[in-house]
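Subject: Handover of a structure

Dear colleague,

Please find below the structure that I am passing on to you. My notes follow it.

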Amino acid sequence: MAILVTGGAGYIGSHTCVELLTTGYEIIILDNLSNSKKASLDRIKEITGKDFKFYYLDLLDRDALQSVFIENHIEAVIHLAGLKAVGESVEMPLHYYHNNITGSVILFELMEKFGVRNLVFSSSATVYGTQEHVPLTEKLPLAATNPYGRTKLMIEEILRDIYVSNNKWSIALLRYFNPVGAHPSGQIGEDPNGIPNNLVPYITQVAIGKRKEINVFGNDYDTHDGTGIRDFIHVVDLAAGHIKALEKVMSSVGVSAYNLGTGKGYSVLEMIHAFEKVTGKNIPYKIIDRRPGDIGISYADSTKAQKELDWVAKKGIEEMCSDSWRWQLNNPNGYEVENKKQIVVL
Ligand code: WQD
């Protein structure tokens with residue numbers, strides 16, 4: 001009985017697969033490598049010493065995806081595959097709706113067809129949109145403010161409707177806050193294509209000399225230093241949350257949303273200064289205008305995940321910075337660019 005991990009070659013996926021294999025699960029990784037590289041799969045094997053099947057395919061390829069269910073005995077699915085750049089989703093909404101929603105519907109249809117009804121879904125704190133008060137709890141009304149966030153919100157609603165139609169399903173909706181950091185081995189980590197959208201990979205690229213300085217998007221927010229506040233969570237803590245959610249969905253039925261955050265917010269400047277302190281590197285920055293679509297303050301109330309999943313984030317900002325830096329130092333150009341023709345089903 002295997003756990004199917006869609007998007008398992010990606011940043012969150014590779015860390016989640018390391019935790020799954022280390023915990024003793026048999027896994028199958030499915031990825032179209034549109035925003036990840038095959039090299040990460042080899043690193044997963046190096047870290048864990050474990051092997052697994054890999055299917056190089058896209059969720060939109062229904063026949064290929066059906067073959068995965070025919071060829072394997074799948075016990076549960078951890079669904080991470082999806083496009084996730086907020087700015088890009090504003091420029092290409094149809095691409096995001098087709099890729100994220102149609103792909104998910106095809107996956108869920110095949111899960112139902114083959115009687116696989118245990119699901120952990122990668123959602124996002126973006127579904128909360130702009131809220132009056134923090135910390136954010138799962139009871140808040142949801143209102144995404146961009147097409148990417150709306151795909152996550154719509155998929156959550158689709159899953160709630162699936163459960164209403166068949167209450168044998170067991171679904172955990174994991175709302176990630178801001179995943180950062182890397183596995184302590186320095187072997188896997190965040191490998192953004194081109195100029196990083198997110199703060200921490202941009203910081204590490206400035207630290208290694210690849211970028212000149214950080215553009216800080218606004219210092220006129222209603223925060224102690226005027227810069228945005230976020231709930232940065234170590235990606236290894238986030239991955240551990242998936243294992244706990246998997247245990248929950250395999251031992252119950254129903255649909256539940258969980259915030260995966262630390263419950264503590266750090267400002268942009270606090271993250272920059274923490275990184276300087278941990279690494280001894282100077283991180284030059286320049287205050288510029290706000291980034292359209294950004295919110296001022298976002299951090300989690302994760303007590304529901306603590307109570308129901310027996311999960312809590314353990315790693316602090318120092319470890320987030322030191323592990324990010326080790327990954328950047330070991331992999332100045334991220335994963336090697338693989339020769340796509342070499343990809344085979346293992
Ligand atoms: C964090 C803070 C920026 C870059 C996004 C997605 C979210 C999730 C995580 C998918 C903000 C500031 C950033 C920079 C800056 N992804 N910043 N200069 O926007 O909170 O969340 O990534 O699920 O859906 O929206 O993360 O790292 O881009 O920004 O000042 O070069 O850093 O304004 O305050 P964000 P981020």
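**Backbone features in the loops**

Leu-33 is found in the loop that runs between strand E2 (27–31) and helix H2 (39–48). Please note that the model is a predicted one. The phi angle of Leu-33 is near 55 degrees, which is a positive value in a residue other than glycine. Most residues other than glycine have a negative phi. Leu-33 counts as buried because its relative accessibility is 4%, under the 20% limit.

Asp-310 also has a phi near 55 degrees, again a positive value in a residue other than glycine. Asp-310 sits in the loop between helix H10 (303–309) and H11. Is Asp-310 buried or exposed? With a relative accessible area of 56%, Asp-310 passes the limit of over 50% and is therefore exposed.

A further feature concerns a peptide bond. The bond from Val-134 to Pro-135 is cis, and its omega is near 0 degrees. Most peptide bonds are trans. Pro-135 belongs to the loop between strand E5 (118–124) and helix H6 (147–165).

**The chain as a whole**

The secondary structure of the chain consists of eleven helices and 14 strands. Taken along the principal axes, the box filled by the C-alpha atoms is roughly 55 × 45 × 40 Å.

Of the 346 residues, 54% count as buried. The accessible surface of the chain comes to about 15,000 Å², and carbon and sulfur atoms account for 51% of this surface. Considering the contacts between residues at least 6 apart in sequence, 81% join residues that are at least 24 apart.

**Helix H7**

Helix H7 covers residues 199–207 and is mostly covered, with nine of its nine residues buried. Among these buried residues are Leu-199, Pro-201, Tyr-202, Thr-204 and Gln-205. Which elements do the buried residues of H7 pack against? Their partners are strand E7 (178–180), E8, strand E10 (232–234), helix H9 (268–279) and helix H11 (317–330). Just after H7, Gly-209 adopts a positive phi of about 90 degrees.

**The ligand and its surroundings**

The ligand is surrounded by 16 residues, of which the closest are Thr-126, Tyr-148, Asn-215, Arg-230 and Asp-294. The shell divides into six nonpolar, seven polar and three charged residues. Where does the largest share of the shell come from? Strand E8 (residues 214–217) supplies this share, with three residues. E8 is also one of the elements against which the buried residues of H7 pack.

Several residues bring polar atoms to the oxygen atoms of the ligand. A polar side-chain atom of Asp-294 lies 2.6 Å from an oxygen atom of the ligand. Backbone atoms take part as well: a backbone N or O atom of Phe-217 is 2.9 Å from an oxygen atom of the ligand, and a backbone N or O atom of Asn-197 is 3.4 Å from an oxygen atom of the ligand. On its own, the ligand has 680 Å² of accessible area, and the protein covers 89% of this area.

With kind regards

Technical notes
Residues are numbered from 1 along each chain as its sequence is written. This is a predicted model: local features need pLDDT of at least 70, side-chain atom pairs count only at pLDDT 80 or more; totals for chains, interfaces and linings use all residues. Side-chain values use heavy atoms; hydrogens and water are left out. A residue is near a molecule or strand if one of its heavy atoms lies within 4 Å of it. A polar contact is a pair of N or O atoms within 3.5 Å; within protein, one must be able to donate a hydrogen and the other to accept it, and residues adjacent in sequence count only if both atoms are side-chain atoms. Accessible areas come from the Shrake-Rupley method with a 1.4 Å probe; for residues, only the protein chains shown count as cover. Helices (H or I, at least four residues) and strands (E, at least two) are DSSP runs, numbered from the N terminus. Ala, Val, Leu, Ile, Met, Phe, Trp, Tyr, Cys and Pro count as nonpolar, Asp, Glu, Lys and Arg as charged, and the others, Gly among them, as polar. Buried means under 20% relative accessible area, exposed over 50%, partly exposed in between (1.4 Å probe, protein chains only). Contact means heavy atoms within 4.5 Å.
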